[in-house]
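Have a look at the fold below. Start with the strands, then turn to the helices.

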Amino acid sequence: MNLALDDQVAVVTGASRGIGAAIARGLAGAGAYVAVNYHTHAAEAHAVVEDIRAHGGQAEAVGFDVSDDQAVKDCFKDLAQRHGHIDILVNNAGIAKDNLLLRFKGDDFDQVVQTNLKGAFICAFHASRSMLKQHRGRIINISSVVGLGGNAGQAVYAATKAGLIGLTKSLAKELGSRGILVNAIAPGLIETDMSSGVDMKALEGNIPLGRIGRPQDVAGAALFLCSDLSAYITGQVIIVDGGLYA
Ligand code: NAP
């Protein structure tokens, strides 16, 4: 039993930056061939790919919007045809458009739900085609501690992250007998572009481990959930928050 992912093909959505980029690097470091998905930041995704290759890993950049069913279908079909299989999907792409309930705009609601929840569903749908054929696969959904506990001003974002937990548990039950394991990770506060507006110093004192999380902290949990070490774990939510939510 080990962390090695040799000969496995992984797709990490939203891997041009932040947590997704760290997960892509982590999986590639363990031997997986990684499709580094981006939406708007193509140059950043190509830089992640170059960095992976410079460290002896294998990767390519793939651009698509996770909420675009046809684009996801085409990309996953192409990957499966070229590599013969897709073994790992990390649904990491996400956006936050936070506001108090009465200030929330309808368009923002739709965008957050389309990207965070529908996007994960679409990617799981198309990845599972390949996984079902080979009777093996791992799907990891990046949720959030606010999906477990809620947060004032984040009603829609939190609802999508709670929705991802329902998706995780349902797919785990549906796909377990076919060798596909589905789990979620709920990060706490992680230092990325998404959290750049948060007053980190004010919150740090509430975190038992005494520091804000780093993207690599989430990548470690993702690597574990993709590896043989988690072969009997499915339908679970691993909280990676330095003890904040404990
Ligand atoms: P980030 O730095 O803002 O990066 C977001 C990533 O998602 C980018 O790579 C972006 O791609 C991609 N993305 C956005 N919309 C997309 C779409 N429609 N299709 C494909 N990709 C899309 O965010 P992060 O902090 O790393 O967050 C990653 C995940 O962790 C998110 O699901 C987030 O909700 C979750 N999370 C974050 C924290 C935190 O404190 N940071 C805490 C809990 C959970 P482009 O840049 O190419 O557009």
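This is a predicted model: local features need pLDDT of at least 70, side-chain atom pairs count only at pLDDT 80 or more; totals for chains, interfaces and linings use all residues.

Residues are numbered from 1 along each chain as its sequence is written, and side-chain values use heavy atoms, with hydrogens and water left out.

**The sheet**

Helices (H or I, at least four residues) and strands (E, at least two) are DSSP runs, numbered from the N terminus. Two strands pair if DSSP finds at least two bridges between them. Here 7 strands form an open sheet with parallel pairing. Their order is β3-β2-β1-β4-β5-β6-β7. On average, neighbouring strands are turned by 20° against each other, direction ignored.

Strand β1 (residues 9–12) runs parallel to β2 (residues 33–38), and 4 bridges join them. Val 12 stands opposite Val 36 in β2. Another 4 bridges join β4 to β5, also parallel. There, Ile 88 has Arg 138 in β5 as its bridge partner.

Is β5 covered or open? It is mostly covered, with 6 of its 6 residues buried. Buried means under 20% relative accessible area, exposed over 50%, and partly exposed in between (1.4 Å probe, protein chains only). In a regular strand the side chains alternate between the two faces of the sheet. On one side of β5 lie Gly 137, Ile 139 and Asn 141; on the other lie Arg 138, Ile 140 and Ile 142.

**The helices**

Contact means heavy atoms within 4.5 Å. Axes are lines fitted to C-alpha atoms, for helices over the stretch in contact, and angles run from 0 to 180 degrees between N-to-C directions. Helix α2 (residues 42–54) lies across β2 and β3, at about 170° to β3. Helix α4 (residues 106–134) packs on the sheet and touches β4 (88–91), β5 (137–142) and β6 (180–187). Its direction makes about 175° with that of β4.

| Pair | Axes come within | Crossing angle |
|---|---|---|
| α1 and α8 | 8 Å | roughly 45° |
| α1 and α2 | 10 Å | roughly 25° |

Angles under 35 degrees count as roughly parallel, over 145 as roughly antiparallel, 65 to 115 as roughly perpendicular and the rest as oblique. So α1 is oblique to α8, and α1 is roughly parallel to α2. Residues of α1 including Ile 23 and Leu 27 meet residues of α8, among them Val 218 and Leu 223. Ala 21, Ala 24, Arg 25 and Ala 28 in α1 meet Val 48, Asp 51 and Ile 52 in α2.

**The cores**

A nonpolar core is a set of buried Ala, Val, Leu, Ile, Met, Phe, Trp, Tyr and Cys residues joined through side-chain atoms within 4.5 Å. The largest has 35 residues. Ile 23, Leu 27, Val 34, Val 36 and Ile 185 have the most contacts inside it. Elements giving two or more residues to this core include α1 (18–29) and α8 (215–226). Apart from it lies another core of 26 residues, among them Ala 127 and Leu 164.

**Two backbone angles**

Most residues other than glycine have a negative phi. Asp 7 has a positive phi of about 70°. Asp 7 sits in the segment before β1 and is exposed, because its relative accessibility is 66%. His 135 has a positive phi of about 60°. His 135 lies in the loop between α4 and β5 and is partly exposed at 47%.
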